[in-house]
Amino acid sequence: MAAVERLPAEFTTRAKRGEEEMRTFVMGIGLLLLGRLPLMASAQLSGQSVDSTNSTVFWVADFYRAILDYHPLVKQASLLNSEAQQEVLQARGAFDPKLFSAYDRKEFGNSLYYDKWQSGVSIPIRPAGIDLKMTYDRNRGEYVNPEDRVPETGLATLGIRVPIGQGLLIDARRNALRQAQLAVTLADADRLKLINKTLYEATKTYWEWYLAHQQFQLLQAGYQLAQTRFRAVQQRALLGDAAAIDTTEALITTQDRLVQLQQAEVNLNNARLRLSVFLWNSDEVSGQPKPVEIPPSVVPQSILVDHIPDDFLHNLLGRAIAQHPELLKLTTKGRQLALEERFQRSLLQPQLALNASLLSRTPQPGLGYDWTSYYSFRTDNHKIGVDLTFPLFLRKERGKLRQVQLKTQQLKLAQKQTLRDIENEVQTSWNELNALKSQISIQQQTVLNQRTLLQAEQQKFELGESSLFLVNSRESKLIELEIKLAELRTKHQKAVASLWYLAGTNPETQLP
């Protein structure tokens, strides 16, 4: 009985209770040891929560929807497209009509040298690179340049500027606009990339929470079994039916599992906190995202390793080639470089522009416009000009063109390497997924075999042919194998998430 005296006072006090209470307790423990203990071990070491009826399952699909609806990074990703749209708006500003007005007056020595005023509007026409211009000139004074003299009521001009050489098919304004429009596609690719990365990190965190929850459940069930067995062995030792040293063996197992359970609880709480980082909701007043905490009563869903069809990899690779954000970005950059090369080639042409304007005297106040007048808009009243500029060596233009061509070659090489990397990474993830599926199947059989071995060891212990040490060892091994099975299932789900992410997609857009 020396070993019993070293037990905690709680159990010593229990041993001193009345004979009737002890007899009732021993009868209950006997029933437990004879028939119910193996069943209890099988149920509690299968990953089922003791308080599962009071728990709420947080499905991973709901988790994804919460992230897509409220997560700040996802909302930030949606702003990338809006920002690119503003770049397009700015580029369109180069084709906005412009009003202009200039006034210049000089008086000196009681003499009006000149009083000049010009106003008008210029209207760019985007498809052809043509500029329309309408002006009104009123020039007065004693020393006005003869070529600037206009009728008393002023001179109206309706003109056009047409690029004949450089700028006819593409110019800097149209190039900037098309570049900005392609930048919207780049922003969409960046948005998809950011969303995919966020969901990938969130998925890994979710299944780490699942693993921590499974470990806690299994260790909690193991601790409860060890605690129940300790009490039963203690009562049997008090009745002289078991060796006193067996109580020490049972107590050590209970204490060891209690330490493991406490650490598992810490890991579960930390995993829950890490998952809460991805959970947000919309504030009812401000509409801004606000963080959401996961209560302890919420648990993750269970894992079912579904069968994946053989053509899944082929379909996934096809989807990756067509929609992977990195490939979309490289393809769009290639289109931008092609547009830039076209523009740089146009700069090798001479800058030749034709300016033509029709002139007319403006009507006097109170009188209508006389289209039959000699000074009305007629072909005889016009101005014509031709502007020609052409660098002799074109070193700047040729250097810029060659630079764009080199960038295009680099981009094509990068596309080939990126495509190969994506295919290899997806294939590697697929191989790992298949290996994990096979390992899970083997581990499930191992768990079943270990559970059978534990039940047999318990039966031998009840018949006096085994020891408590062997029962505890078998039971600890079963818990260890159950935890390893949960780890393999977690790795499998992470591998699935990795497969989607490496293919440039996410769980919300998975293939059927």
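**View 1. The hairpin of S3 and S4 in a predicted model.** Gly-129 takes a positive phi near 70° in the hairpin of S3 and S4, where four residues lie between the strands. Strands here are DSSP runs of E with at least two residues, and helices are runs of H or I with at least four, both numbered from the N terminus. S3 and strand S4 (residues 130–140) pair in the antiparallel sense over eleven bridges, and Val-121 has Met-134 in S4 as its bridge partner; two strands count as paired if DSSP finds at least two bridges between them. This is a predicted model, in which local features need pLDDT of at least 70 and side-chain atom pairs count only at pLDDT 80 or more, while totals for chains, interfaces and linings use all residues. Residues are numbered from 1 along each chain as its sequence is written, and side-chain values use heavy atoms, with hydrogens and water left out.

**View 2. The hairpin of S2 and S3.** Strand S2 pairs with strand S3 (residues 111–125) in the antiparallel sense over eleven bridges, and Ala-102 has Gln-118 in S3 as its bridge partner. Two residues lie between the strands of this hairpin, in which Gly-109 takes a positive phi near 60°.

View 3. Six strands form an open sheet in the order S2-S3-S4-S5-S9-S10, with antiparallel pairing. Strand S2 (98–108) and strand S10 (382–389) stand at the edges with a single partner strand each, so one side of each is left without a neighbour in the sheet. Strand S9 (residues 351–361) is joined to the antiparallel S10 by eight bridges, and Ser-357 stands opposite Lys-383 in S10.

View 4. The side chains of Glu-475 and Arg-257 meet in a salt bridge (2.3 Å, N to O), a term for a side-chain nitrogen of Lys or Arg within 4 Å of a carboxyl oxygen of Asp or Glu. Glu-475 lies in helix H11 (residues 468–502) and Arg-257 in helix H7 (residues 245–276), so the pair ties together parts that are 218 residues apart in sequence. Glu-475 counts as buried at 0% relative accessibility, and Arg-257 counts as buried at 4%, where buried means under 20% relative accessible area, exposed over 50% and partly exposed in between (1.4 Å probe, protein chains only).

View 5. Glu-341 and Arg-345, joined through their side chains in a salt bridge (3.2 Å, N to O), both lie in helix H9 (residues 325–346), four residues apart, about one turn of the helix. Glu-341 counts as buried at 18% relative accessibility, whereas Arg-345 counts as partly exposed at 43%.
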